[in-house]
Amino acid sequence: MKGILLAGGTGSRLFPLTLVASKQLQPVYDKPMVYYPLTTLMASGIREICLISAPADLPRFRQLLGDGAQWGISIEYREQPKPAGIAQAFRIAESFVGQENVTLILGDNIFFGSDRFPEAFAQFQTGATIFGYQVNNPRRYGVVQFDAQGQAMSIEEKPIHPKSNFAVPGIYLYDPQVMEIARRLKPSGRGELEITDVNLEYLRRGQLRVIPLSRGFAWLDAGTSSSLHDASVYVQTIEKRQGIKIGCPEEVAFRCGFLSAARFEALIGATPPCEYRDYLENVLAEFKVQSSRFKVQGPNFEL
């Protein structure tokens with residue numbers, strides 16, 4: 001499966017911060033926002049990723065992420081000349097995806113606290129899989145309605161009168177049919193190619209699976225000034241409380257087995273002295289202790 005990371009848009013809800021840098025390059029506590037969706041893909045086993053952004057912002061993403069080889073992945077870049085809806089990403093990345101399964105993740109979505117995504121990715125074969133997350137104000141999102149058996153009945157985009165409190169987070173899994181569906185889409189009344197219309201077509205074909213996410217799972221949409229601040233506070237609280245980092249590509253690459261211990265250690269050596277390096281050194285030290293005790297094989301212990 002390949003991954004698309006959509007980091008485009010105008011970022012108007014974060015004005016004037018986005019006069020300085022793209023929304024997805026804004027800091028969420030101690031890391032750029034884009035690190036969080038990137039590591040969600042990596043932790044789910046995705047190693048081929050296409051990042052889509054505005055032409056003016058792509059050089060900054062390339063400077064930050066490079067080609068991904070330092071983390072054992074590959075990152076390609078595509079231009080989004082003008083934002084025209086989430087589903088536009090499939091038209092832009094069509095040559096990248098080819099005839100493979102693909103996941104699309106939004107660059108301002110932060111997820112933490114469950115292994116549901118790696119499970120869903122591993123189980124995915126055909127059709128489409130999306131997720132449902134209970135929120136207090138579903139009118140801001142695509143909303144899915146379930147029947148008594150837990151099957152999706154309808155999906156509406158930003159409804160005035162939502163039929164449920166289950167919003168659809170910004171991560172979607174599709175088989176190659178999505179390319180044909182995206183090519184045939186017509187702009188909505190908002191003038192956008194709606195991802196909800198893609199999901200509705202899979203629902204019409206009887207090929208849509210919706211997985212509800214548990215209460216203990218955290219989904220943060222960092223697209224406004226207030227939610228960006230809230231996301232930073234949340235990440236800081238978890239990291240300080242648990243002594244872990246959220247959205248750390250070096251650690252995720254190492255724990256997923258994308259990097260050997262030697263390559264991970266070399267990566268740490270190239271990191272300037274800072275709290276981030278201290279954390280990576282602790283991860284490596286922990287691995288060495290466990291390796292000596294249990295002779296760890298394969299992926300480097302659980303995420």
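Colleague: Buried means under 20% relative accessible area, exposed over 50% and partly exposed in between, using a 1.4 Å probe and protein chains only, so is Ser22 buried or exposed?

Modeller: Ser22 is buried, because its relative accessible area is 6%. Before we go on, this is a predicted model, in which local features need pLDDT of at least 70 and side-chain atom pairs count only at pLDDT 80 or more, while totals for chains, interfaces and linings use all residues. Residues are numbered from 1 along each chain as its sequence is written, and side-chain values use heavy atoms, with hydrogens and water left out.

Colleague: Thanks! Where does Ser22 sit?

Modeller: Ser22 is in the loop between β1 and β2. Helices (H or I, at least four residues) and strands (E, at least two) are DSSP runs, numbered from the N terminus.

Colleague: And what does Ser22 touch?

Modeller: Leaving out residues up to four places away in sequence, Ser22 touches Ala7, Asp57, Arg60 and Phe61; contact here is heavy atoms within 4.5 Å. The Ser22 side chain also has a polar contact of 2.9 Å with the side chain of Gln24. For that term, a pair of N or O atoms must lie within 3.5 Å; within protein, one must be able to donate a hydrogen and the other to accept it, and residues adjacent in sequence count only if both atoms are side-chain atoms.

Colleague: What about Phe15, buried or exposed?

Modeller: Phe15 counts as exposed because its relative accessibility is 55%. Phe15 lies in the loop between β1 (2-6) and β2 (27-28).

Colleague: Switching topic, how many salt bridges does the structure hold?

Modeller: The structure holds 22 salt bridges, each being a side-chain nitrogen of Lys or Arg within 4 Å of a carboxyl oxygen of Asp or Glu. Glu100 and Lys2 form one of them, with the closest N and O atoms 3.8 Å apart. That pair links distant parts of the chain, 98 residues apart: Glu100 is in the loop between α4 (94-97) and β6 (102-106), and Lys2 is in strand β1.

Colleague: What does Lys31 pair with?

Modeller: Lys31 meets Asp30 in a salt bridge of 2.4 Å, N to O. Lys31 is buried, with a relative accessible area of 2%, while Asp30 is partly exposed at 30%.

Colleague: And which residue meets Lys245?

Modeller: That would be Glu239, through a salt bridge of 3.4 Å, N to O. Lys245 counts as buried at 16% relative accessibility, and Glu239 counts as buried at 7%.

Colleague: Which residues are linked in a network of salt bridges?

Modeller: Glu180, Arg184, Glu201, Arg204 and Arg205 are linked that way.

Colleague: Nice. Last topic: where is Asn199, and why does Asn199 count as it does for accessibility?

Modeller: Asn199 is in helix α7, residues 195-204. Asn199 counts as buried because its relative accessibility is 2%.

Colleague: What is Asn199 in contact with?

Modeller: Setting aside neighbours within four places in sequence, Asn199 is in contact with Ile130, Ile155, Tyr172, Tyr174 and Leu208. With Tyr174 there is also a polar contact between the two side chains, at 2.6 Å.

Colleague: And how far apart are Asn199 and Ala182 in space?

Modeller: They are 10 Å apart, C-alpha to C-alpha, and 17 residues apart in sequence.
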